[in-house]
Amino acid sequence: MKKLPLLLLLMLANYQYAQQNYSYKINLEQCKKDKIAIELACPATEKDTAYFNFPMTVPGTYAILNYGTYISDFQALDANQKQLNVKKSGANTFKIFPAKGLRTITYKVRDSWDSKEKKNKIFEPAGTGFEKGEYFFINNGGLFGFFDNKLQLPLSLEFIKPAGLNGFTSLPCTSKKNDSQIFSAENYHTLIDNPILFTTQKENVIKVANAEVTVATYYKEDASAGSYITSELDSSMHAIESFVGGTLPISNYTFLNYIVDLKDVGKIILSGNIRLYQYPKLIRKMGNRGFGALEHGNSSSYYLPDFGFNSYRGMVSSTAIHEFMHIYAPLSLHSVLIGNFDYVNPKMSKHLWLYEGVTEYFSTLIAMQGKLSTIDNTISELKTKIVNSYTYPDSIPFTLMSEKVFTKPYSDLYNQVYQRGAIMAMLLDFEIMKLTNGQKNLKSVIFELTALYGKNKSFEENEIIPVFVKLVHPDLQLFFDKYVTGKTPLDIEGGFKTVGITYQKEKKGIVPIDLLSKQNGVVANTGIVINNRITIKKAEKNNPAGFMAGDKVEQDAVLKCFKNADGDYVKDGETVTLTVIRKGKETTLTFPAKFENGTIKNFLEIARDKTVEQEKLFNLWTTGKS
Ligand SMILES: [Zn+2]
């Protein structure tokens, strides 16, 4: 037994009264109708009126979320459990008055995944999903609020849970028992940056360089999904490791994955024969859900479909590299608007070209340099991005779209960050290599910048471009003026030339006949391309290649079959071969090559007569080594 002296008791009592932290209690055992109850022991309040807020948005989503919409039964209580006045002001804020005696707040949270909310629907990886006894997918902004001017206080989260359900997050776990788990966060920003997945399925842990990587997964239909995903992530993480030079900039990382069974949709897609009447059914089954991922400093969360044929595994590995690379931008390289994020009235940064464009380009580059993707596949992936980039207007500067992305028409243009933004970053990479004669590239400049700023030091909105230019060459300013802050169409042809790749938006001349055209008796379904294969819908007798309806053929192979091993076109009339999948089996078609006068759109080819300079930069670009 230990007796505490009176003075200490008084100090403790006083400390409790004036507690300067948020102490949350969440009972996952009592989830009813997709709602969980939350209790908060409040930090001391000095003011007559207190404002308790949920985020309007969080970093990385670039959209209005209004987490406050999902809160109900909100009560504010004093030390005697007497209810204080509460008034909701706006979608996300509760006004409490008088607030001086405030001790406890209680409320209920409804999950966003099962909600019918149409306006400002929360992108699933940023939302919340509850299934009692099975999983709880928690983005903390959805569950936990904060008082005005009290974002810096520490928080503790005590979850009451059944024994088989375990919580995974990169937040420190201060206590773990069979029936409870306590996590802590040094402040509200850290809390928002660390989602939690409670799952009944077993976690996997991999060691990559200096980092311990935990993979937590929930997939109702297949408990071994986590192991498959882990093996994919293992090769992605090793490709990143060699890209960044052998050491990862973090010591722990958590992947939080939730997989949705959509194999029946996959069957319809795979049949390659989607009829008009099936579209409403497909859309209904997809349920207007947002599949994808969201990045954080030491974790990322995934909400992915399983269309069958192991589709989610490929999706995890390609998005994981993108999400992981966000630890550079914006997480270690960001403007004050992100560093001091305003959850109530956020202002957007101008620099999506950096946060999303550069990150997306890096993920393509890492896959190529890490040999997860061949140079040819990388070039055809870039070609798809180029084609998509033409659907966005040059007349709206990228920086303008960025800073106004919460409003129309700019919000509709956001998706270009993955297309036009990635191509812009690639051209910036080429320009840096050209101006520095291969001494620097985009990667080295980004690494210099993250060393200069880092996680805790933000740049001013107008500061980053001049600092960037200064690290490279004065002439680089022109690139930013024209393409990033200006309205000049991207010079894709000129950019590719730097590394000895020929690009022409429209190449006229002698071209192979289009084996997949109506004119040649073939109708192909190109709407949905899976594994780069397209399906022949209709094929007339005697079509030049000898296709039959139902054949599946690789898109690139249709053009490549007209070339010899050196990459030159064969002679007119020479016999060529093309492999298709017919009734599940590989079948070789043999037919004479035929050419005509015509146009190839978005022609891309590695030049064989590269200059010494081009050869050097091509090697630097494709391998990362000079
Ligand atoms: Zn991203």
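Where is the place of Pro98? Pro98 sits in the loop between β6 (93–97) and β7 (102–110). Phe97 and Pro98 are joined by a cis peptide bond, with omega about -10°.

## Before you start

Welcome to a predicted model, in which local features need pLDDT of at least 70, side-chain atom pairs count only at pLDDT 80 or more, and totals for chains, interfaces and linings use all residues. Residues are numbered from 1 along each chain as its sequence is written. Helices (H or I, at least four residues) and strands (E, at least two) are DSSP runs, numbered from the N terminus.

## The five-stranded sheet

Let us begin with an open sheet of five strands, whose order is β16-β17-β18-β20-β19 and whose pairing is mixed. Two strands pair if DSSP finds at least two bridges between them. β16 (204–208) and β19 (292–295) are the edge strands, each with a single partner, so one side of each has no neighbour in the sheet. From one strand to the next, the twist averages 15°. Axes here are lines fitted to C-alpha atoms, for helices over the stretch in contact, and angles run from 0 to 180 degrees between N-to-C directions.

Within the sheet, β18 (residues 252–261) and β20 (residues 299–306) pair in the parallel sense over eight bridges. Asn257 has Tyr302 in β20 as its bridge partner. Helix α6 (residues 311–325) packs on the sheet and touches β18, β19 and β20, its direction making about 155° with that of β20. Helix α3 (residues 225–243) lies across β16, β17 (211–218) and β18, and runs at about 15° to β16. Contact between two residues means that their C-beta atoms, placed from the backbone, lie within 7 Å.

## Two crossing helices

Further along, helix α9 (residues 375–389) packs against helix α11 (residues 420–435) at an angle of about 115°, with their axes 8 Å apart. Lys385, Ile386 and Ser389 of α9 make the contact with Arg420, Ala422 and Ile423 of α11.

These contact residues divide into three nonpolar, one polar and two charged. In this grouping, Ala, Val, Leu, Ile, Met, Phe, Trp, Tyr, Cys and Pro count as nonpolar, Asp, Glu, Lys and Arg as charged, and the others, Gly among them, as polar.

## A helix with two faces

Which residues of helix α13 (residues 464–472) are buried? They are Ile464, Ile465, Phe468 and Val472. These residues cover an arc of only 95° around the axis, which puts them on the same side of α13. The arc is that of the directions from the helix axis to the C-beta atoms. A residue is buried if 20 or more other C-beta atoms lie within 10 Å of its own, exposed if 12 or fewer, and partly exposed in between.

The face of α13 turned away from the buried side carries the exposed residues Pro466 and Lys470. Among the elements covering the buried residues of α13 are α11, α12 (442–452) and α14 (476–484).

## Loops worth a visit

The loop between β3 (50–53) and β4 (71–78) holds Ile64. Ile64 counts as partly exposed because it has 16 C-beta neighbours inside 10 Å. Leaving aside residues up to four places away in sequence, Ile64 touches Met56, Thr57, Asn120 and Phe406. Asn66 also lies in the loop between β3 and β4, and has a positive phi of about 50° although it is not a glycine.

Ala209, in the loop between β16 and β17, has a positive phi of about 50° and is not a glycine either. Another cis peptide bond runs from Ala329 to Pro330, with omega near 5°. Pro330 is found in the loop between α6 and α7 (336–339).
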